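Here is a chain to talk through, with a few "how do you know" questions along the way. Have a look at it first.

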Amino acid sequence: FAVLHFGQANRWMLHEAYTGDMEQAIETVAKYINTKKLTNKDVIAVGATQRMPYALNYFTDLNYVYFDPSTLDRLLSENRLKEAFAKYEVNKILGYTPDLTARVVKETGVQNLASHLHINEEKNVIIYSEETLESSL
């Protein structure tokens, strides 16, 4: 009985993790990422939620690391972001605001996978036009 209970509890927790608005956001982002020609040597920094790297890995089989936007801001102000990205071998970013993305790319030279994609804390995927990004540079 205990094994059945733990199995059901784990299944319920997985269900809870992937329901609601976040599920739709994750699937939208995963579909977009799967259109890119990425390899298992790529490491992508994401900042929407701490769960995002695990969920995207499940749907894309790629490597992700979570960097909170406030952490990127702090590391940029301390001139240590390039060092942090080197430590985790980050070579791509995804899901930050256009302003933060532009600063990160300028400082580190990493590739931005989607200049028009931002995932906010409400789990909504926001599409920015290219003009919006260009005017923020």
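Q: What makes D61 count as exposed?
A: This is a predicted model, and in it D61 has a relative accessibility of 62%. Exposed means over 50%, so D61 counts as exposed. You'll find D61 in the loop between α3 (52-60) and β2 (63-66).

Q: What is there to say about the phi of D61?
A: Phi of D61 is positive, about 60°, although D61 is not a glycine. As background, most residues other than glycine have a negative phi.

Q: Which residue follows α4 with a positive phi, and where does it lie?
A: That's N79, with phi near 55°. N79 sits in the loop between α4 (69-77) and α5 (81-88).

Q: How do you know that N79 is exposed?
A: Its relative accessibility is 59%. The cut-off for exposed is over 50%, so N79 counts as exposed.

Q: Why say that the buried residues of α4 line one face of the helix?
A: The buried residues in α4 are L72, L75 and L76. Looking down the axis of α4, they fall within an arc of 100°, so they line one face of the helix. Their cover includes α5 and α6 (98-108).

Q: How many aromatic pairs are there, and why is the one between Y58 and F59 called edge-to-face?
A: The count comes to three aromatic pairs. For Y58 and F59, the ring centres are 5.1 Å apart and the planes are at 85°. Centres within 6.5 Å make a pair, and planes over 60 degrees apart make it edge-to-face, so this pair is edge-to-face.

Q: Are Y58 and F59 buried, partly exposed or exposed?
A: Y58 has a relative accessible area of 64%, so Y58 is exposed. F59 comes out at 34%; with buried set at under 20% and exposed at over 50%, F59 is therefore partly exposed.

Q: What makes F67 and F85 an edge-to-face pair?
A: Their ring centres are 5.2 Å apart and their planes are at 70°.

Terms used
Residues numbered from 1 in each chain as written. Predicted model: local features only at pLDDT ≥ 70, side-chain atom pairs only at ≥ 80, totals over all residues. Heavy atoms only, no water. Helix = DSSP H or I, 4+ residues; strand = E, 2+ residues; numbered from the N terminus. Buried < 20%, exposed > 50% of the residue type's maximum accessible area, 1.4 Å probe, protein only. Arc of directions from axis to C-beta. Contact = heavy atoms within 4.5 Å. Phe/Tyr/Trp six-rings, centres within 6.5 Å; stacked < 30°, edge-to-face > 60°.
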